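Work through the following exercises with the coordinates open, and compare each solution with the atoms it refers to.

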Amino acid sequence: MKQNLGDEIILNIENVDSEARGIARVDGYVIFVPGALIGETVTAHIVERKKHYSVAKIKSLLKASPYRVQPRCEVYEACGGCNMQHASYDHQVKVKSSLIEDAIIRIGKWKEADIAPVIPSFLVWGYRNKAIIQARYQKGKRKLGYFARGTHDVVNLKACPILDPLINLVYANLRNAVLQSDLSFYDEERGEGLIRNFVLRSSFSMKKILLAWILSREPDDREYKMISDISNGLYKDVSPFLGGVQININPSKGNFIWGSKTQSLFGEDVLVERFENIKLRFGVSDFFQVNVLQAFRMFEIVAELAKDSKHVLELYSGVGSMTAFLASFCNDVVAVEEWRPAYESLVSNMTNNGINNVTAICGKAEDVVKTRVSGHFDIVVVDPPRTGCHKDVLNFIGRVISPKRVIYVSCNPATLARDSKILNEYGYNMENAMPLDMFPQTSHVESVVLLEK
């Protein structure tokens, strides 16, 4: 039976996908239902129709899951930040376990894989140490918040329950001050307007916040004074939590947050995070795990897996958080990072912690491995972005240096499965997979996978 746009239909939810959408089937045809949980029966109407699937919106719940809970966020339905606040936390963990298993078995084609249960997060609310706030001029209004799911329409946001409470405190004061000013917000259609984004980062251990104003152009004298006045007023309101404020200029029309020019308005330009006896410095634009307590647990897992190795190659190393742990267990580490500010933090972190067995290289992993990496490595550790490893990186690992072991850290089960399948073709077998919930209230899940020849 074919469903048309607007048709109302009763659906039984059989499963969920990686975007936390319920999956129903009618005569073999797949219908995705955002916000639906496994085992629920819903009345929904079709809002999108494709050749191989449709998307339906819930109109009413005929049979609710016992795991359904009331979301904490007042803009949860519209916001694109979280997609699982409507499920109890124990159910979220079960869903993530099934997503990992499905990806590894279905996409990766691993018939045998030892997949451990997902390790729950210490904190399920207030854990996130980074916020990217969109500032947009839309439909004649200035808006501050997150993008709505699947669009660039900004949902006005007063607070976010998964953010570090200190970030919410600073953001609340910032929001009030900015909206009371006449500073212009960015209009994507016209490419006009001054403020594009605000980025707020926090240190969990040191209780400090960094704030960056992302501007589309250099501010004029009046605008610069207003930005300075707001920032200084903010510092007085939330002192001693605000560690520093920066301005970044990004004139491009793309989606990348950061421009090439950054200046410090006042205060520090780095945060410090402490892991036992290790102190890690990172800038507001550097990659750093958003769930600090869970990240610490993950670094320990990776270091334990690598502890018998002498020579380690680490790709996509960021500011050196995992590097520091690896260096304490191994003879030497070659660490590769593409983003220049993160690379500089990596070098600084090794020096400041007295770690002298790390060689840091700045460059894209796929370029560096071709020209600047040679010799024998017992193990390669990779922690790529969501898009996974470049094919040249996988070829270098599998064909050129062929280490006995590979540790693959991933925040995307699909690309993890895809890349592990390629490594399997080079002779690697998956010994175990250890998922960790780094992102409560979302369907994202982190994994540490060990592959051996």
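**Exercise 1.** Sort the residues lining the largest cavity by class: how many are nonpolar, polar and charged?

*Solution.* The model is predicted, so local features need pLDDT of at least 70 and side-chain atom pairs count only at pLDDT 80 or more, whereas totals for chains, interfaces and linings use all residues. Residues are numbered from 1 along each chain as its sequence is written, and side-chain values use heavy atoms, with hydrogens and water left out.

Begin with the search itself, which works on a 1 Å grid over the protein atoms alone and calls a cavity a set of points where a 1.4 Å probe fits but cannot get out, while a pocket is an open set with protein on both sides within 12 Å along at least five of seven lines. Over the whole structure it returns 1 cavity of 30 Å³ or more. The largest cavity holds about 60 Å³, a volume being the space filled by probe spheres set on points that are joined across faces, edges and corners.

Next, list the lining, meaning residues with an atom within 4 Å of a point: F287, Q289, F299, E314, Y316, S317, G318, S321, M322 and D383. Finally, apply the classes, in which Ala, Val, Leu, Ile, Met, Phe, Trp, Tyr, Cys and Pro are nonpolar, Asp, Glu, Lys and Arg are charged, and the others, Gly among them, are polar. The count for this lining is 4 nonpolar, 4 polar and 2 charged.

**Exercise 2.** Describe the second largest pocket by its volume and its lining.

*Solution.* The volume is about 360 Å³, and of the 21 lining residues, Q246, D269, G283, S285 and P341 lie nearest the centre. At least two lining residues come from each of strand 12 (242–249), strand 13, strand 15 (278–283) and helix 6 (340–352), where helices (H or I, at least four residues) and strands (E, at least two) are DSSP runs numbered from the N terminus. Helix 6 gives the largest share, 5 residues. By class, the lining of this pocket has 5 nonpolar, 12 polar and 4 charged residues.

**Exercise 3.** Classify the ring pair Y235 and F266: what are its distance and its angle?

*Solution.* Rings of Phe, Tyr and Trp (its six-membered ring) pair if their centres lie within 6.5 Å, and planes under 30 degrees apart are stacked, over 60 edge-to-face and the rest tilted. The whole structure has 11 aromatic pairs. For Y235 and F266 the centres are 5.4 Å apart and the planes stand at 75°, so this pair is edge-to-face. The pair joins distant parts of the chain, 31 residues apart, with Y235 in helix 3 (residues 221–238) and F266 in strand 13 (residues 261–267).

For contrast in geometry, F282 and F288 are stacked, at 4.2 Å centre to centre and 10° between the planes. Both belong to a cluster in which ring pairs link F275, F282, F288, F296, F299 and F325.
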